[in-house]
Structure formats: structure tokens, C-alpha cells
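Dear colleague,

I am handing over the structure below, and I would be glad if you could look through it before reading my notes.

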Amino acid sequence: MSPATAPAGTDLTRAPLDREAGHALLADLAGPGAAATLGGLDALAPGFPDWIVTSLFGGTYQRPGLALRDRQIANLAALTALGGVEPQLADHVRYCRRIGLTEAEITEVMVHLAPYVGLPKALAGLRVATATFTETATRAETATRAESAENGDVSETRDVAEAAETAGSVTPGVRA
């Protein structure tokens, strides 16, 4: 039976519910701060973070059929289209950067969405992405400065500061 004539759902694989795989994937995507975020959420809504990690990162994300990169691009598109979820969109922009998407690719996703989700939502997505790029660059710069200062390399610290000042906006014309 060809996929076109198969009954709906016969070619789908059940999503596993693997808590450990979910925590491992979230740690890969979000880095060491994921546990602190989940702890704060658990204090507010006990059990909710466990459900998120187990069903989403340990379930849906574990399905075959899409690479992690493709899933993250779909997340960028969905969150941008939804609107009003800027913290989650910023998280997924960070996740995309951690798994190797470039700023240019993330920006292109937002631009590509404009005719489908509307210009205001695409621009809002670009603002979130730009702010996240800037925040990430600032954190990296601060870490480099701290490391240089620890090593006594004042010239490196000065060079990093000068480069940051002249770099300008990562997305010209879009305010964060």
C-alpha cells in the first residue's frame, strides 16, 4: 500500500515518553540554565515541568522523521506565527544557535514567514531574534573579558570592547 492510499496514521511511529532523554535533550538545547528554569516553574506549578520535559523533549522531539534542526525551524515558525510568546521564541532562537543555525538563517526564517503570518508578526519575530543575538553576543563578550582579565591580558579585553562598539546591529533597520 502506498503512503497516499494507506489509512491515516498507519505510517506514524508512537512517540516514546523518555524522561531521561528529554532532560538530556533539553540540557543540550538550553545549556546548564535549564534546570534552574524548571525548578522555578516547578515551584509555581508542581509537576508541570516534568510533563513538559517528558512529553515534549522526551516524546515528540524523540520521534523519527525530522532532524532536530528541522524541528527547531518549525518551532521558530510556529512561535512567530502565534505571537505573544516572546520568551519562548527567544529560547528557541538560542536553541537554534546552539545547534548550529546561523543568525542569517534564523533571520531568513522570519523574513520567509512575512507573507504567511503577516508583516507585524514577522517583524516581531525579527525583533525577538535581534534582541537574542545581541544578548548572546553581549554574554560572550562579557565572558571573554572576564577570562582575559583573569589571565591579565588587558589588550585582549580592550580589543573585544572596541570590536563590540563598532559591530553595530546584527539586523540593520530592526530595533531590538
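This is a predicted model: local features need pLDDT of at least 70, side-chain atom pairs count only at pLDDT 80 or more; totals for chains, interfaces and linings use all residues.

Residues are numbered from 1 along each chain as its sequence is written, and side-chain values use heavy atoms, with hydrogens and water left out.

Helix α3 covers residues 48-57, and its buried residues are Pro49, Ile52, Val53, Thr54 and Phe57. Helices here are DSSP runs of H or I with at least four residues, numbered from the N terminus; buried means under 20% relative accessible area, exposed over 50%, and partly exposed in between, with a 1.4 Å probe and protein chains only.

Rings of Phe, Tyr and Trp (its six-membered ring) pair if their centres lie within 6.5 Å, and planes under 30 degrees apart count as stacked, over 60 as edge-to-face and the rest as tilted. By this rule there are 2 aromatic pairs. Phenylalanine 48 and tryptophan 51 are stacked, at 5.9 Å centre to centre with 5° between the planes, and both lie in helix α3, 3 residues apart, about one turn of the helix. Phenylalanine 48 counts as partly exposed because its relative accessibility is 39%, whereas tryptophan 51, at 55%, is exposed. Phenylalanine 57 and tyrosine 61 form a stacked pair as well, with 4.9 Å centre to centre and 20° between the planes, and both of these residues are buried.

Best wishes

How values were computed
Helices (H or I, at least four residues) and strands (E, at least two) are DSSP runs, numbered from the N terminus.
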